[in-house]
Amino acid sequence: MSFIDRAEIRVTAGTGGSGAESFRREMFAPRGGPDGGDGGNGGSIFVRADPQFSTLLDYQYRTHFKAPRGQHGSGSNRTGRSGDDIYLPVPLGTEVRDHATGELLQEVLKPTDVVLVAKGGRGGRGNARFATSTHQAPREWEPGREGEDRIIDLVLKLIADVGLLGQPNAGKSTLLSVVSAARPKIADYPFTTLQPQLGVVGLHDSRSFVMADIPGIIEGAHKGKGLGDKFLQHIERTRVIGYLIPLDAEDPQAIYDLLRQEAQAYDPALAAKPHIIVFTKLDLLSADSPIPALRAPEARDALAISSVAKRGLEELKERLWKLVEEAKTADNESEQESGRHGF
């Protein structure tokens, strides 16, 4: 199944039903009063989280969703039936934005999250609603109001514990395929990974964390070059970042600096996340060759691995798991602190 992370859709809520103009006519009530009922409300449209979804693929084939209108009111004070609401399922991690203004309506992060994106029109009042002591036979009634009609953008940002960031052919896909059940496409040419991949990395004692392989980053990625910033978006919600640098690179320091610059240019909050340096392709390094020493004062650690030879993987997984747990603890403490201050 294709991974689709952006969709532009039109949502049209239902129009409310019109109120009725009617007068009571019965055998023993020749002067029966007004009894026109109200129109039903139009159906609304909601975006709802669905953990079973992992892509926005469905919204590539259907881009216009219209809720049913409300039924008109009728005599005997009968209110028209309201239109059914429509719920659009999206994966966890989806942003819902107004297309015209770019305003963020809400982020769908929890299975219980529901976002109203188009409110149904209110039903019109029937003539029974206009009766007064001095106006006992009103003929006024109201048409139903139009439902909201707007275009919204759905932007999926993957939720993972660890994000792998590196240039094309840095070994991200190979690493993910070895430490998890994910099977990303692997080949020796740039941009093999054309879509983000997620994998659950298992450790002993039933511990695990989610790792994401983000397509290769080149200089200018934050401006959209290469596969661009549409893929950097997927690393925003990760707790820990692994910067992958192949040991056969001519200038590892330059690669690290470039990756850090791209992260910083895209979003300073992204660059501030805890990270480690992962030297890949250790099997290509001779036994007596030292691991490069980088100027990386903010890095939490630097490890060398070989995904092919399966060297250093257990140590890497343990280190990443500890960093993820530390990040979770820090996030929980921050939320509790915000709650105490009423933020």
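Two strands pair if DSSP finds at least two bridges between them. The legends below describe a predicted model.

**View 1. Strand β9 and its burial.** β9 spans residues 162-166 and is mostly covered. Five of its five residues are buried. Val162, Leu164 and Gly166 point one way from the strand. Gly163 and Leu165 point the other way. In a regular strand the side chains alternate between the two faces of the sheet.

**View 2. The two partners of β9.** On β11 (residues 208-213), β9 pairs in the parallel sense over three bridges. Here the bridge partner of Val162 is Met211. With β12 (residues 240-246), the pairing is again parallel, over five bridges. Leu164 has Gly242 of β12 as its bridge partner.

**View 3. The open sheet of six strands.** The strand order is β10-β11-β9-β12-β13-β14, and the pairing is mixed. β10 (197-202) and β14 (302-304) stand at the edges. Each has a single partner strand, so one side of each is left without a neighbour in the sheet. Neighbouring strands are turned by 25 degrees against each other on average, direction ignored.

View 4. β10 and β11 run antiparallel, joined by six bridges. Leu198 stands opposite Ala212 in β11. Helix α2 (residues 172-179) packs on the sheet. It touches β9, β10, β11 and β12. The direction of α2 makes about 45 degrees with that of β10.

**View 5. Helix α4 on the sheet.** Helix α4 covers residues 252-266 and also packs on the sheet. Its contacts are with β9, β12 and β13 (275-280). The direction of α4 makes about 145 degrees with that of β12.

**View 6. The largest nonpolar core.** This core has 22 residues. Val47, Tyr59, Leu88 and Leu154 touch the most other members. Five strands each supply at least two residues of the core: β1 (6-12), β2 (45-49), β4 (86-90), β7 (114-118) and β8 (149-156). In soluble globular proteins, nonpolar side chains tend to be buried together.

**View 7. Val47 and its contacts.** Residues up to four places away in sequence are not counted here. Val47 touches Leu88, Val90, Val96 and Val108, among others. Its contacts also include Asp113, Val114, Val115 and Val117. Ile152 and Leu154 are touched as well.

**View 8. A second core.** A separate core holds 21 residues. Among them are Val162, Leu244, Leu313 and Val324.

Definitions and conventions
Residues numbered from 1 in each chain as written. Predicted model: local features only at pLDDT ≥ 70, side-chain atom pairs only at ≥ 80, totals over all residues. Heavy atoms only, no water. Buried < 20%, exposed > 50% of the residue type's maximum accessible area, 1.4 Å probe, protein only. Helix = DSSP H or I, 4+ residues; strand = E, 2+ residues; numbered from the N terminus. Axes fitted to C-alpha atoms, helices over the stretch in contact; angles between N-to-C directions. Contact = heavy atoms within 4.5 Å. Core = buried A, V, L, I, M, F, W, Y, C linked by side-chain atoms within 4.5 Å.
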